[in-house]
Amino acid sequence: MNFDLNKKKLTDINKYLQNIDRKSNVRKFKIENPSGHHAICAGLKDDIDVTINGHTGYYCAGMNQKASVTVNGNVGTGVAENMMSGKVFVKGNASQSAGATGHGGNLVIEGDASSRCGISMKGINIIVKGSVGHMSAFMAQKGNLIIFGDADEDLGDSIYEAKIFVKGKVKSLGADCVEKKMDEKSINELKKIFKELNISENPQNFKRYGSARKLYNFKIDNAGAY
Amino acid sequence: MKKKGLKEFKTFPQSTINEIQRAAKEGIYQIRGLGAKRKVPDFDDLVFLGASMSRYPLEGYREKCNTSVVLGDRFAKKPLKLDIPITIAGMSFGALGANAKDALGRGASSMGTSTTTGDGGMTKEERGSSKYLVYQLLPSRYGMNPDDLRKADAIEVVVGQGAKPGGGGMLLGQKINKRVAGMRTLPEGIDQRSACRHPDWTGPDDLEIKIQELREITNWEKPIYIKVGAARSYYDTALAVKAGADVVVLDGMQGGTAATQDVFIEHVGIPTLGALKEAVDALKELNMHRKVQLIVSGGIRTGADVAKALAMGADAVSIGSAAMMALNCNANLYRKDYEKLGTEPGYCHHCHTGRCPVGVATQDPKLEKRLDPKEGGRQLKNYLTTLTLELQTLARANGKSDVRNLEPEDLVALTVEAAAMARVPLAGTNWIPGFKEKD
């Protein structure tokens with residue numbers, strides 16, 4: 001089924017996609033002329049497949065549950081923010097805060113992602129095939145941020161239990177973020193993610209970063225680290 | 001005991017000396033709970049004029065005085081219709097125990113008013129016991145999920161809090177037990193310091209888009225509140241309206257917190273009295289007064305406070321610390337446990353320790369048992385009933401058949417400071433400091 005945002009209101013399209021008739025066999029949808037609209041495919045909650053042909057604005061596929069959303073274009077701020085499950089594929093670049101606070105599911109960005117990619121992430125897997133901007137994985141709590149290119153300043157600042165994997169260069173690490181051994185468990189974890197997403201990459205080409213856990217409890221001796 | 005004839009330093013009273021010496025010993029600022037302890041101009045500095053030759057009152061026990069209020073009918077398909085204009089402020093599960101959240105829900109629901117979640121998500125108990133539940137969207141997004149968003153009756157985007165405008169949440173490790181940690185996706189026992197800025201928007205233009213997203217996810221049904229700490233209240237209110245709020249929640253500096261730095265609580269933000277007038281001015285200038293509802297909080301204790309806030313232009317108030325006190329916070333019980341904390345009833349602000357003697361602000365199962373949710377709910381109901389009766393008493397005395405008909409003209413100030421902040425005349429004069437009538 002095709003929708004055209006030049007002809008149909010965003011709210012009507014979102015409402016339709018959020019309330020799919022389970023008796024219907026139609027599970028694949030296309031959205032044409034997104035023209036930078038905000039909140040396209042926000043709040044989807046069913047196992048459907050949506051392709052958006054063009055560029056989107058803020059919060060595309062925000063709070064997604066179960067759905068698979070593909071954007072054939074660039075995305076604005078907060079793509080797949082607070083995603084719970086499902087898959088979001090961005091064929092172009094992503095603006096700030098991609099995958100912010102995401103609890104689950106997979107976000108794959110073919111191009112670059114701007115600053116604060118994966119900020120406060122809570123279990124999501126984010127794969128960026130290009131590079132990420134500064135302060136990515138800031139206060140990241142859980143999940144995996146996998147970067148094929150480079151990472152800008154202060155990667156993983158104040159990170160909790162999330163894991164960061166980088167194939168390229170890291171300009172600098174943020175407070176309490178350190179390089180960690182690329183152990184067997186982490187290699188297997190990456191292998192599993194790559195397999196699920198049909199990505200041909202060797203996990204051993206990546207370096208791993210995570211929390212030194214020195215700032216988990218406030219100690220005055222660590223005040224200078226902030 | 002002070003000896004006769006000794007003169008205390010005004011610049012260095014004993015409490016200041018104690019704090020200097022504590023800082024010299026420990027090398028770290030003081031963290032505590034609840035709100036500002038310093039004296040600021042407040043609603044006690046205003047009085048109602050009541051009826052007189054030119055105004056006639058309503059019979060106190062016979063004539064009706066409406067207290068209901070509708071919140072969020074600007075854009076939301078399903079605004080909240082509350083029986084009283086007194087709501088329960090956001091307090092997190094984590095800061096408070098599950099029994100306290102349950103008790104708040106029971107008490108508020110029995111009075112036909114709303115409760116609010118907090119930093120840490122929505123619990124089943126809270127949803128179950130709350131007839132009307134406002135779900136907070138905070139910078140941390142702990143426990144945020146679209147299912148709970150849809151279960152809520154309203155959504156409150158928290159930009160700031162009166163106790164600490166510009167600061168994020170804080171919950172020390174002793175309160176992060178397995179359940180709290182699980183809801184927040186954090187390791188147990190860590191000192192949890194929430195972000196002070198939202199992760200995916202900056203500024204009112206972005207917020208407008210964020211609100212659009214929240215409405216898309218919830219089918220444009222839920223009222224969207226924006227909560228701000230009292231700081232630049234005129235501009236913050238105007239920008240909240242511009243961003244698309246259905247309701248603005250304004251929290252003055254007397255508002256409480258579960259834990260933050262004492263220096264933050266006492267030295268950042270402005271008193272509720274001054275902030276309220278600025279917010280009402282902004283709404284009136286935009287012709288949005290009563291169209292975007294204003295809820296004010298921070299130091300509301302009595303029906304008189306509620307009546308004065310409404311007279312100044314608020315549509316409703318919100319109570320946090322006072323609601324906790326209705327559940328026995330700072331009650332004269334378990335004195336030995338207060339002593340162990342180095343305090344006593346009436347002075348306790350040790351919410352941050354997790355050792356709340358009366359079982360309100362704790363995650364300790366033994367302490368939590370000291371608060372029975374049913375009994376707590378009954379106490380809160382009684383307290384809200386009292387506030388409502390006091391509010392109606394004052395409204396009738398000023399000749400109003402609806403509490404929201406109270407108006408600034410019904411008020412005068414007892415101090416120059418309060419007159420200037422509330423922009424009502426000093427009692428017995430027609431003088432409003434700083435106010436010039438237009439030519």
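Good morning. I begin with Tyr334(B), which counts as partly exposed, with 17 C-beta neighbours inside 10 Å. The cut-offs are these: a residue is buried if 20 or more other C-beta atoms lie within 10 Å of its own, exposed if 12 or fewer, and partly exposed in between, with C-beta atoms placed from the backbone.

A word on provenance. This is a predicted model, in which local features need pLDDT of at least 70 and side-chain atom pairs count only at pLDDT 80 or more, while totals for chains, interfaces and linings use all residues. Residues are numbered from 1 along each chain as its sequence is written, and chains are lettered from A and ligands numbered from 1 in the order in which they are written.

Tyr334(B) has a positive phi of about 45 degrees although it is not a glycine. Its place is the loop between α11 (321-326) and α12 (335-340) of chain B; helices (H or I, at least four residues) and strands (E, at least two) are DSSP runs, numbered from the N terminus. Most residues other than glycine have a negative phi. Tyr59(A) also has a positive phi, of about 55 degrees, and lies in the loop between β3 (49-53) and β4 (68-71) of chain A. Tyr59(A) is buried, with 32 other C-beta atoms within 10 Å.

Next, the interface. Here 35 residues of chain A are in contact (C-beta atoms, placed from the backbone, within 7 Å) with 23 residues of chain B. On the chain A side, α1 (10-18) and β7 (122-128) each supply at least two residues, and α1(A) gives the most, with three.

Finally, chain B contains an open sheet of eight strands with parallel pairing, in the order β5-β15-β14-β12-β11-β8-β7-β6. Two strands pair if DSSP finds at least two bridges between them. Which strands stand at the edges? They are β5 (86-88) and β6 (114-116) of chain B; each has a single partner strand, so one side of each is left without a neighbour in the sheet.

Consider β15(B). Three bridges join β14 (residues 293-297) of chain B to β15 (residues 316-319) of chain B, with Val296(B) opposite Val317(B). Three bridges also join β5(B) to β15(B), where Thr87(B) has Ser318(B) as its bridge partner. In a regular strand the side chains alternate between the two faces of the sheet. In β15(B), Ala316(B) and Ser318(B) point one way, Val317(B) and Ile319(B) the other, and all are buried. Thank you.

Methods. Two residues are in contact if their C-beta atoms, placed from the backbone, lie within 7 Å.
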